Amino acid sequence: MWNVLSSSPHFHNPITTTQPWCSHHQLHTTTRITFPFKPKCHQQQQQQSKTQDDGIPIEDVKTLAKFKSRYNYIRVLEVSRKTDHPFRGSRLLLLDNPGNIHSISFLFKTLTNSYFDVFATLPPIIPKGPIAVLGFGAGSTARILLKLYPDTVIHGWELDPSVIEVAREFFNLGKLERENKNRLFVYVGNALTANIEGGFSGILVDLFSNGSLIPELQEVATWEKIRARLKKGGRIMVNVGGSCVEAEDKVRDGNVVMEETLKAMRMVFGEKLFVLRLGNCGNDSSLALTGDFPEIYAWKNALPSSLRCYVDSWTQYSVV
């Protein structure tokens, strides 16, 4: 998850809604959908340097759904393929009032040039076995993993049934499930209770609520429980957010919550905790990885060429 709309008044596009919702947001001539971070890959930098901080003209963004569920304020946006922006040709799932992207899907490409791609570097460095996705959203992570790794089996947990319904209607999750009946299993429920007989080879954690990492992730006991659900040699990779995350509660500053989460993880994983910092300012968005650091060249060689650039960006976490 990363912030897609700033705290300034959001744009409002009433083209299509599934439920009435009263908006007092000011209409802007451009949306403030910004690219989540500046990629490390040279080729990606060339492609996006001109547009990643620019807004999108409102006529190039269509609202496909907008409604309140029990847990979220849900919006689905479609970005025109004609616009000059890294998100062109995509559909975006926004949750929470601040406007944070929880999923992104492109019509004609698999990778997203976002942290979902970093998640996709995990399979080569874990033992064979099922992978858990805690915080399934509309299935961005699962879609990439299933495409790149034909033997991967994924179990995903999502708390909000409305998010899964939206994923099936607007993000082709239903088709993905039908095509991968023995490889993709989606559960509606509390991700922190996720478990499977024999344990997971890898666990991907992407758990946000009200625009912030859930408070449980700042607790040592939570990470002890998650670690206990790993197979021997398994690893956890976590989206720990950063300054790009805008919470509904302004007290929960993105950088502060990120550091509190990393400190809790450090208490459990000790020196076997690594961080990948993304963004122009270093802490725009960060991910954490547990376990002994993999052998770099073997890791790179096992990855598609488009993902190898992320391997060199990991550093051992040190308490600030």
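Helix α3, residues 140–148, is largely enclosed by the rest of the structure, because seven of its nine residues are buried. The buried residues of α3 are S140, T141, A142, R143, I144, L145 and L146. The model described here is a predicted one. For the protein as a whole, 58% of the 320 residues count as buried. Its secondary structure consists of eight helices and 17 strands. Among the contacts with a separation of 6 or more, 69% are between residues 24 or more positions apart.

The loop that lies between strand β8 (131–134) and α3 contains G135. This glycine has a relative accessible area of 16%, under the 20% limit, and is therefore buried. What does G135 touch, leaving aside residues up to four places away in sequence? Its partners are W157, E158, A191, D206 and L207. A further residue to look at beside G135 is L159: the two are 24 residues apart along the chain, and their C-alpha atoms are separated by 7.6 Å.

In the pair of W157 and Y187, the ring centres are 4.5 Å apart and the planes stand at 25 degrees, so the pair is stacked. The reasoning rests on the angle, since planes under 30 degrees apart count as stacked. W157 belongs to strand β9 (residues 154–158) and Y187 to strand β10 (residues 184–188), so the pair ties together parts that are 30 residues apart in sequence. Are the two residues buried or exposed? W157 counts as buried, at 9% relative accessibility. Y187 is partly exposed, and its relative accessible area is 31%. Elsewhere, Y115, F116 and F119 form one aromatic cluster.

As a general rule, most residues other than glycine have a negative phi. N172 has a positive phi, near 60 degrees, and lies in the loop between helices α4 (161–170) and α5 (173–179). N210 has a positive phi as well, near 55 degrees. The loop that holds N210 runs between strands β12 (208–209) and β13 (212–213). With a relative accessibility of 41%, N210 counts as partly exposed.

The last stop is a pair of helices. Two packed helices are described by the angle between their axes and the distance between the axes. For helix α6 (residues 220–227) and helix α7 (residues 254–269), the axes come within 8 Å and cross at roughly 55 degrees. That angle makes α6 oblique to α7. The crossing of α6 past α7 is right-handed. Which residues of the two helices meet? From α6 the contact involves V220, W223, E224 and R227, and from α7 it involves T261, A264, M265, M267, V268 and F269. Sorted by class, the contact of α6 with α7 has seven nonpolar residues, one polar residue and two charged residues.

Notes
Residues numbered from 1 in each chain as written. Predicted model: local features only at pLDDT ≥ 70, side-chain atom pairs only at ≥ 80, totals over all residues. Heavy atoms only, no water. Axes fitted to C-alpha atoms, helices over the stretch in contact; angles between N-to-C directions. Helix = DSSP H or I, 4+ residues; strand = E, 2+ residues; numbered from the N terminus. Parallel < 35°, antiparallel > 145°, perpendicular 65-115°, else oblique. Left-handed = near helix turned anticlockwise from the far one by under 90°. Contact = heavy atoms within 4.5 Å. Nonpolar A, V, L, I, M, F, W, Y, C, P; charged D, E, K, R; others polar. Phe/Tyr/Trp six-rings, centres within 6.5 Å; stacked < 30°, edge-to-face > 60°. Buried < 20%, exposed > 50% of the residue type's maximum accessible area, 1.4 Å probe, protein only.
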